Structure formats: structure tokens, C-alpha cells
Amino acid sequence: MPMSPRHVLAALALASSLALAACGSEDQQSTQAAAGQEQEATPAQARTEIAAVRTALENAVAAMGDGDAAKAEQLVSEGYLQHFEKVEGPLGKVDHELNEKLEETIREDLRDKIKGGASAAEVETMVTSIKADLATAEQKLQ
């Protein structure tokens, strides 16, 4: 007995829904697998990343000195995303509070200060404070 057009459409809708659901679960599985493959940095690697964060901050101060706040903000963002993110795991294990302080200060406070029109001197003062905290973090990761 042939199916009515309404039954065919219902069957197609159901098949499409199941296919989409299957795709979603595959995406979740592959994302979870990729996350599982990403290993946390060692303390030695974290210290190397701290040096790269420091360089990014120094370059941001130089950009501010050149009057290029947009470049300074970009350098801070890249330094945070590409380097400090790798420090968070190891540092969080030895000093959670320092990790949180650095994370908030670099990711939010410094970027907000730059975006808010702070002077190069104000940014440099904040970066000097951040670099002192980074030095403390390096010592704790020995």
C-alpha cells in the first residue's frame, strides 16, 4: 500500500531530524576528543609563555607611546589569548588567586584602560604592576 504524501513528508522530516541530531553528536564528540588531546602546559612551558606575555605587554606600551591605542589593545589581546591562556592551568594549581588577578588585570582592566583613552604613562604604570605579578608567577612555577 503506497504512503500518502503526508506520511512521506512526516517520514522525511523525521529522517532529517535524526540526521541533524546525529551530526550534532558527532560534532560534540570530535570537539570533546580535540579538547582531550590538548595537554596542559608544564610549569616550564608556562614560564616560557609568561616571557611571551611580558613581550606583548612591552610592545603594547611602545604602541601607546607611538599613539596607536588600537594596536596596543590588539597586542594585549593576542598576548592574553595566545600566551597567558597557556599559563592559567599550571599557575592556577600553585596560586589560584594570583592566576585570577593576572587573568582579570590583563584580559579586562588593561584592555579597558587602553580602550578608555588612558595615557601612555597610565598604561605603562599598569603594565609595570602586571609585570611584577608575572615575575611572582614565574617564581611560583619554578
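Lys93 is exposed, with a relative accessibility of 65%; exposed means over 50% relative accessible area, buried under 20% and partly exposed in between (1.4 Å probe, protein chains only). The model is predicted: local features need pLDDT of at least 70, side-chain atom pairs count only at pLDDT 80 or more, and totals for chains, interfaces and linings use all residues. Residues are numbered from 1 along each chain as its sequence is written, and side-chain values use heavy atoms, with hydrogens and water left out.

**Salt bridges overall**
- The model has 8 salt bridges, each defined as a side-chain nitrogen of Lys or Arg within 4 Å of a carboxyl oxygen of Asp or Glu.
- Glu103, Arg107 and Glu108 belong to one network of salt bridges that share partners.

**Lys93 and Glu40**
- The side chains of Lys93 and Glu40 form a salt bridge at 2.9 Å, N to O.
- Lys93 lies in helix H3 (residues 69–94) and Glu40 in the loop between helix H1 (5–37) and helix H2 (43–65), 53 residues apart; helices are DSSP runs (H or I, at least four residues), numbered from the N terminus.
- Glu40 is partly exposed, at 43% relative accessible area.

**Arg54 and Glu138**
- The closest N and O atoms of the salt bridge between Arg54 and Glu138 are 2.8 Å apart.
- This pair links Arg54 in helix H2 to Glu138 in helix H5 (residues 120–140), 84 residues apart.
- Arg54 is buried, at 18% relative accessibility.

**Lys140 and Asp95**
- Lys140 and Asp95 form a salt bridge, with the closest N and O atoms 2.9 Å apart.
- Lys140 is in helix H5, and Asp95 is in the loop between H3 and helix H4 (96–115), 45 residues apart.
- Lys140 is partly exposed at 38% relative accessibility, whereas Asp95 is buried at 17%.

Definitions and conventions
Helix = DSSP H or I, 4+ residues; strand = E, 2+ residues; numbered from the N terminus.
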